[in-house]
Amino acid sequence: MARAYQEAHIMDTLTASVKDLQTKTADLAKAKGYHEEKIKNLTTANAELQKKYDALDLRMKANEHNTTARLLNTHLSLSPLPNKNNIPLTPLHDLDTNRPIRSFPKHERDMKTMGSADVIQCLQALDVPSLGLSAGEKKTRLRGEIGLAKEDKDAGGLNGKEEKSRTPTPADKARTNTENAKKAAEVRRKVLEAKQKKAEGQKK
C-alpha cells in the first residue's frame with residue numbers, strides 16, 4: 001500500500017510538472033508572438049520613416065535645384081539680349097520627384113500662350129497654392145516662381161493692352177531670396193529631424 005501511495009505521489013508530481021511545463025511553453029509562445037509583432041511594427045515604422053526621409057531628401061534637392069534655376073531664369077529675363085526669348089528657360093523640378101516639370105514653359109514667351117491646366121500643374125508640382133486665384137493671378141504667381149520679371153500692361157501700347165516686363169526692384173529680389181532661403185532651411189530642418197528619428201529607431 002505504501003508503494004502504491006508512493007507511485008501515485010510520483011505520478012501526481014510528474015503530472016504537475018508536465019502541466020507547469022506546458023504552461024511555461026504556452027507563455028513562451030505568447031511572449032514570442034508578442035515580440036515578433038513588436039519587431040514587425042518596428043520594421044514597418046522604420047520603413048515609413050525611411051520613406052519620409054527619402055521624400056524630404058528629394059524635396060531638399062529639388063529646392064536647391066530650383067533656387068539655382070530661378071536665378072538663371074531671372075538673369076535671362078532681365079537680360080538686354082535681343083534674342084533672349086529664343087533662349088530656353090532652366091526648367092524647375094517637381095518637389096515630389098526632383099524631376100523636370102513636364103508642363104514647364106520652354107521659353108519666357110510661352111507663358112503668354114500657356115494653358116490654364118499646364119499652369120495649375122506647374123504650381124502643384126512646386127507646392128504653390130492656387131485655389132481661388134484667377135487664371136491671370138495663377139500665371140503671375142507662376143512667373144514669380146520661375147524667376148521671371150513681372151509684367152505690367154503698357155497704356156501706351158496697342159489699345160492699352162500691350163504687355164512689357166518690369167524689372168524687379170532690389171526689395172523684390174531681397175524678399176524672394178529671403179523666402180527661398182526660409183524654404184531651404186525648413187526642408188533641411190525636416191531632413192535632420194528625419195535622420196534623428198531614424199537613428200533613434202535603429203538604437204531601439
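Trainee: Where is alanine 199 placed?
Mentor: Alanine 199 sits in helix 4. Keep in mind that this is a predicted model.

Trainee: Is alanine 199 buried or exposed, or partly exposed?
Mentor: Partly exposed. Its relative accessible area is 33%. Buried would need a value under 20%, and exposed one over 50%, so alanine 199 falls in between.

Trainee: And how far is alanine 199 from asparagine 46?
Mentor: In sequence, 153 residues. In space, 9.8 Å from C-alpha to C-alpha.

Trainee: Which helix holds asparagine 46?
Mentor: Helix 1. Asparagine 46 is partly exposed too, at 31% relative accessible area.

Trainee: What about lysine 195, where is that?
Mentor: Also in helix 4, which covers residues 170-203. Lysine 195 has 40% relative accessibility, so it counts as partly exposed.

Trainee: How far apart are lysine 195 and lysine 52?
Mentor: They are 143 residues apart in sequence. Their C-alpha atoms are 9.9 Å apart in space.

Trainee: Let's zoom out. How many helices and strands does the chain have?
Mentor: Four helices and two strands.

Trainee: In what order do the elements run?
Mentor: From the N terminus, α-α-α-β-β-α.

Trainee: What share of the residues counts as buried?
Mentor: 25% of the 204 residues.

Trainee: And the contacts, what share joins residues at least 24 apart?
Mentor: 50%, taken among contacts between residues at least 6 apart in sequence.

Trainee: New topic, the core. How many residues are in the largest nonpolar core?
Mentor: It has 17 residues. Ile101, Leu142 and Ile146 have the most contacts inside it.

Trainee: Which helices supply at least two residues of this core?
Mentor: Helix 1 (2-77), helix 2 (116-125) and helix 3 (135-146).

Trainee: Which helix gives the most?
Mentor: Helix 2, with four residues.

Trainee: Back to isoleucine 146. What does it touch?
Mentor: Leaving out residues up to four places away in sequence, isoleucine 146 touches Ala69, Arg70 and Asn73, then Leu89 and Leu92, and also Phe104, Pro105 and Met111.

Trainee: Now the helix pair. At what angle do helix 2 and helix 3 pack?
Mentor: About 45°, and their axes are 10 Å apart.

Trainee: Is the crossing left-handed or right-handed?
Mentor: Left-handed, as helix 2 passes helix 3.

Trainee: Which residues meet there?
Mentor: Helix 2 brings Val119, Ile120, Cys122 and Leu123. Helix 3 brings Lys138, Lys139, Arg141 and Leu142.

Trainee: How does that contact split by class?
Mentor: Five nonpolar residues, three charged and no polar. Leu142 of helix 3 is in this contact, and Leu142 is also among the residues with the most contacts inside the core.

Trainee: Which loop holds aspartate 127?
Mentor: The loop between helix 2 and helix 3. Those are the two helices that pack at about 45°.

Conventions. Residues are numbered from 1 along each chain as its sequence is written. This is a predicted model: local features need pLDDT of at least 70, side-chain atom pairs count only at pLDDT 80 or more; totals for chains, interfaces and linings use all residues. Side-chain values use heavy atoms; hydrogens and water are left out. A nonpolar core is a set of buried Ala, Val, Leu, Ile, Met, Phe, Trp, Tyr and Cys residues joined through side-chain atoms within 4.5 Å. Buried means under 20% relative accessible area, exposed over 50%, partly exposed in between (1.4 Å probe, protein chains only). Contact means heavy atoms within 4.5 Å. Axes are lines fitted to C-alpha atoms, for helices over the stretch in contact, and angles run from 0 to 180 degrees between N-to-C directions. A crossing is left-handed if the near helix is turned anticlockwise from the far one by less than a right angle, and right-handed if clockwise. Ala, Val, Leu, Ile, Met, Phe, Trp, Tyr, Cys and Pro count as nonpolar, Asp, Glu, Lys and Arg as charged, and the others, Gly among them, as polar.
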